Amino acid sequence: MSNVKHLECTICHRTYKDIPDMMTCPACGEKGILDVIYDYDKIRAVVDKDYFKHQDDHSIWRYLPFLPVDPRYTKNTLRVGMTPLYDSLELGQSLGIDNLYVKDEGLNPTQSLKDRASVIAVVKAKEAGYDTVACASTGNAASSLAGNSAKVGLSSVIFVPKRAPTGKLAQLLAYGAKLFKVDGDYRDTYELSKQAIAKYGWYNRNAAVNPFLVEGKKTVALEIAEQLDFDVPDWVVVSVGDGCTIAGVFKGFMDLFEIGMIERIPKLLGVQSEGCQPFVSAWESNEDLIPTAENTIADSIAVGIPRNPIKAIRAVKNSTGRWISVSDSAILEAMRLLGKTEGIFAEPAAACALAGLIKARKLGFINKSDRTVVICTGNGLKDTANALSAFKEPTLVKNDISELDAQMR
Ligand SMILES: *Cc1c(COP(=O)(O)O)cnc(C)c1O
């Protein structure tokens, strides 16, 4: 039904049958993240440029041959994906990049890239016959899972750290989720969710351990390639928390490379916030990841213990890309610039990617002539408190034109 060959452990390379609620490798335990392996001959047999010309599905289901799902369960989902890839002339000019594009993932149904993973999660949960799905999340995966579950008639149970922004909480409550705010950081939140999922037998939407979710996230790369007519960019810039998004971006380009639709893999720039940068530190010291504190306004990527390090590190390395970190003030500056030049309101974790690109440009390892795509992973309305801290207080005036005149001067 799908083109999946089997699941393969990223550590011991044992292979397993494709079962919808298979999580990590039984032999390697929790660290044994599985990778979904496809039969590329089968995909190649149906997918070429003409395939896309005749595709009239405008959601991620247009990429069905690349996805690990049973098409019978994809009919009544939220419409995820096919977000715009803007040709960002003015922003490019201000950064000194000739060809810059912004992929606005804030235009997904629950306003973040997480929808690409959540819609897969609810389909897999349906395939396996579950009625409840659960996850731990810094906020976006939570609201996304809640929305996508609601649409297909599943219940959702969500664990968030108590710092989660109110916008995201309001959103997931509106979708009818059962919400637990955990008195602790994301690490505590994740641990409690893990125990609860095991105890109550819910479907596990924790992106790092669920091998199918990266497959949803990879559709952002499939789209970028299609939107650029399969002439892929030199760099793709992504903000990184757990590491599933950047791993997905790499997988999407690899799939297209495997079937001969693109000639090379773009370099990936993984961006973290200085206040929580385990990947950047590991890369700089060439050592294993060390758990770190979570001190940044970019809450969606404040992940002190990344759960998917293998795939993320591999993605950056195999793309010959690199890692970089930026300060919170640089993130807010990038947020202002993106709003002002592109009309896109990004949440801090999303603006982080642009801040990374600005720094990379200054350091000179991304050149003026490098065609570059920045992925804006989530919408700013989810966290207005942090956004407002980046701007001056608005001017309060009376209903009096002469007072306004005075203020306008
Ligand atoms: C989750 C998220 C990321 C990072 O994705 P990971 O898979 O955790 O690396 C980046 N930006 C936003 C807005 C997110 O919600």
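**Entry 1: the sheet**

I began with strands β6 and β7, which run parallel and are joined by five bridges. Strands here are DSSP runs of E with at least two residues, helices are runs of H or I with at least four, and both are numbered from the N terminus. I noted that this is a predicted model, in which local features need pLDDT of at least 70, side-chain atom pairs count only at pLDDT 80 or more, and totals for chains, interfaces and linings use all residues. Residues are numbered from 1 along each chain as its sequence is written, and side-chain values use heavy atoms, with hydrogens and water left out.

In general, strands of a sheet pair through backbone hydrogen bonds, either parallel or antiparallel.

Which order do the strands of the open sheet take? I recorded β8-β7-β6-β9, four strands with parallel pairing; two strands pair if DSSP finds at least two bridges between them. The edge strands β8 (178-182) and β9 (203-204) each pair on one side only.

Strand β6 (residues 132-136) is joined to β9 by two bridges, and these strands run parallel. I found Val 133 opposite Tyr 203 in β9.

**Entry 2: cover on the sheet**

I then turned to helix α5 (residues 140-152), which packs on the sheet and touches β6 and β7 (155-161). Contact means heavy atoms within 4.5 Å. The direction of α5 makes about 170° with that of β7.

Is β7 mostly covered or mostly open? I found it mostly covered, with six of its seven residues buried. Buried means under 20% relative accessible area, exposed over 50%, and partly exposed in between (1.4 Å probe, protein chains only).

**Entry 3: helices α9 and α10**

I recorded that the axes of α9 (residues 219-227) and α10 (residues 244-258) come within 6 Å and cross at roughly 55°. Axes are lines fitted to C-alpha atoms, for helices over the stretch in contact, and angles run from 0 to 180 degrees between N-to-C directions. The two helices are therefore oblique to each other; angles under 35 degrees count as roughly parallel, over 145 as roughly antiparallel, 65 to 115 as roughly perpendicular and the rest as oblique.

**Entry 4: Ser 94**

Finally, I located Ser 94 in helix α3 (residues 89-95). Ser 94 counts as partly exposed because its relative accessibility is 46%. Its C-alpha atom is separated by 9.7 Å from that of Ile 358, although these residues are 264 residues apart along the chain.
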